[in-house]
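Welcome to this tour; please have your viewer open and your selection tool ready.

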Amino acid sequence: MKILLTGGAGYIGSHTAVALAALGHELVCFDNLSNSSADVIERVESISGASFPLVVGDIRDGDGLRQAMTDHGVEAVVHFAGLKAVGESVADPVRYYDNNVVGTLALVGAMADCAVKTLVFSSSATVYGQPQYLPLDENHPTSATNPYGRTKLMIEEMLADIAAADPAWRIGILRYFNPVGAHDSGMIGEDPNGIPNNLMPYISRVAGGRLPELSVFGADYDTPDGTGVRDYVHILDLAAGHAAALGALAKLDRPLSIWNLGTGQGYSVLDMVAAFERVNAVKVPYRLSPRRAGDVASCFASPDKAKAELAWEASRGLDAMCASSWTFERARAMRNTKA
Ligand SMILES: NC(=O)c1ccc[n+]([C@@H]2O[C@H](COP(=O)([O-])OP(=O)(O)OC[C@H]3O[C@@H](n4cnc5c(N)ncnc54)[C@H](O)[C@@H]3O)[C@@H](O)[C@H]2O)c1
């Protein structure tokens, strides 16, 4: 298939590009590079040996999207483009609703105009809000505790309405748990512009000396060691989940599907720090800090639906997640020294 990846230069998009190229799909990246850089495209091409044209554009620009879809004969879209920092969304909700919700509206409008009706959307476990039971399955009630989460919920609801109005759509909503790790080559990984919001790139930067210490937000949760528990999923497993979803959408006789992508296993922040130190023989200085508003104590997936319907299951464990993150951090430092 010819597939447009919005946000394809970002963390999840770049790894998914490698996975989809390996299956012979033809890809085009549509990204405004607000949280990524064009070099990533070259690195994806070098890993995959396939070309990955980049259209620098904003998803709020419907004309730009229509042009890109027509120029490249696009048949399906995987939609990663979005802003994802919870704290930032609380401080500047307008920017989040505009970028994520208005952007997705422009995207689905452009897709409909171009008769492209296959869409995989990057949603998040954040739509489950405060867990009422664990593990979280796809039937768990949804709610939002911050504007970022609300953008994901609004988009999910919008996509459900679109699917209900026109059953020719094939929409897959993927609710990611916590993607971590990097490609084994060390050439691509999670490398946000500015201070990372996610745990693993923060740990890597502390271990590599780019940041002084890790703040662990909350040590008094009702969890085995008091720190928050999350379901970390290796980025290569997550990337494979997109390929599986696209394959399933082509066969499924329903316009909308929702799948969790997680491992089903929870680890605490201190488990992650200890594993990173052990696997990579490094130190990660940390400080216990007060809880962050909106964070939940524990969150982990039931991956059963993805297993049954996508034949997808995460296969990589914590050691591979920590080792690949550190490989990426060191390779990044080497590239910057040479540059
Ligand atoms: N990483 C996570 O922990 C996580 C968890 C759950 C869901 N998600 C969702 O997955 C998607 C991808 O996340 P990621 O971690 O790869 O983030 P990322 O920031 O690395 O990638 C997002 C990409 O989208 C681009 N982008 C943003 N707004 C755009 C716009 N208006 N037009 C064009 N391009 C735009 C950015 O430049 C970036 O390259 C996001 O929608 C995010 O909300 C991420």
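Among contacts in the chain between residues at least 6 apart in sequence, what percentage join residues at least 24 apart? With contact meaning heavy atoms within 4.5 Å, the value is 79%.

Before you click further, note that this is a predicted model, in which local features need pLDDT of at least 70 and side-chain atom pairs count only at pLDDT 80 or more, while totals for chains, interfaces and linings use all residues. Residues are numbered from 1 along each chain as its sequence is written, and side-chain values use heavy atoms, with hydrogens and water left out.

**The whole chain**

Start with a cartoon view of the chain. Its secondary structure comes to 11 helices and 14 strands, where helices (H or I, at least four residues) and strands (E, at least two) are DSSP runs numbered from the N terminus. The radius of gyration is 19 Å, close to the 20 Å that the globule rule gives for 339 residues, so the chain is as compact as a globular protein of that length. That radius is taken over C-alpha atoms, and the rule is 2.2 Å times the number of residues to the power 0.38. Along the principal axes, the C-alpha trace spans about 50 × 50 × 40 Å.

Buried residues make up 53% of the 339 residues. Here buried means under 20% relative accessible area, exposed means over 50%, and partly exposed is in between (1.4 Å probe, protein chains only).

If you colour by charge, the mean positions of the 28 positive and 38 negative charges are 4 Å apart. Lys and Arg count as positive and Asp and Glu as negative, with His and the chain ends not counted; each charge is placed at NZ of Lys, CZ of Arg, CG of Asp or CD of Glu.

**An annotated span**

Next, select residues 3-261. UniProt, in an unreviewed entry, places the feature "domain: NAD-dependent epimerase/dehydratase" there; its positions are given in the numbering used here, feature names are shortened, and annotations may be inferred rather than shown by experiment. The span is 41% helix and 19% strand, and its end C-alpha atoms lie 21 Å apart.

**Backbone stops**

Select Leu-134 and Pro-135 together. The peptide bond from Leu-134 to Pro-135 is cis, with omega near -5°. Pro-135 is found in the loop between β5 (118-124) and α6 (147-165).

Then go to Leu-33, in the loop between β2 (26-31) and α2 (39-48). Leu-33 is not a glycine, yet it has a positive phi of about 60°. It counts as partly exposed, at 22% relative accessibility.

Ala-115 is the next selection, in the loop between α5 (93-113) and β5. Its phi is near 55°, a positive value in a residue other than glycine. Is Ala-115 buried or exposed? Ala-115 is exposed, because its relative accessible area is 62%.

**Acidic side chains**

Select Glu-156 in helix α6. At 6% relative accessibility, Glu-156 counts as buried. Show its neighbours: leaving out residues up to four places away in sequence, Glu-156 touches Phe-121, Ser-123, Val-127, Ile-173, Arg-175 and Ile-258.

Glu-88 sits in helix α4 (residues 86-91). Its relative accessible area of 36% makes it partly exposed. Which residues does Glu-88 touch, not counting those up to four places away in sequence? They are Arg-95 and Tyr-96.

Move on to Glu-42 in helix α2, which is exposed with a relative accessible area of 55%. Glu-42 and Ile-173 are 28 Å apart in space, C-alpha to C-alpha.

Finish at Asp-253, in the loop between α8 (235-251) and β11 (256-261). Asp-253 counts as exposed, at 73% relative accessibility.
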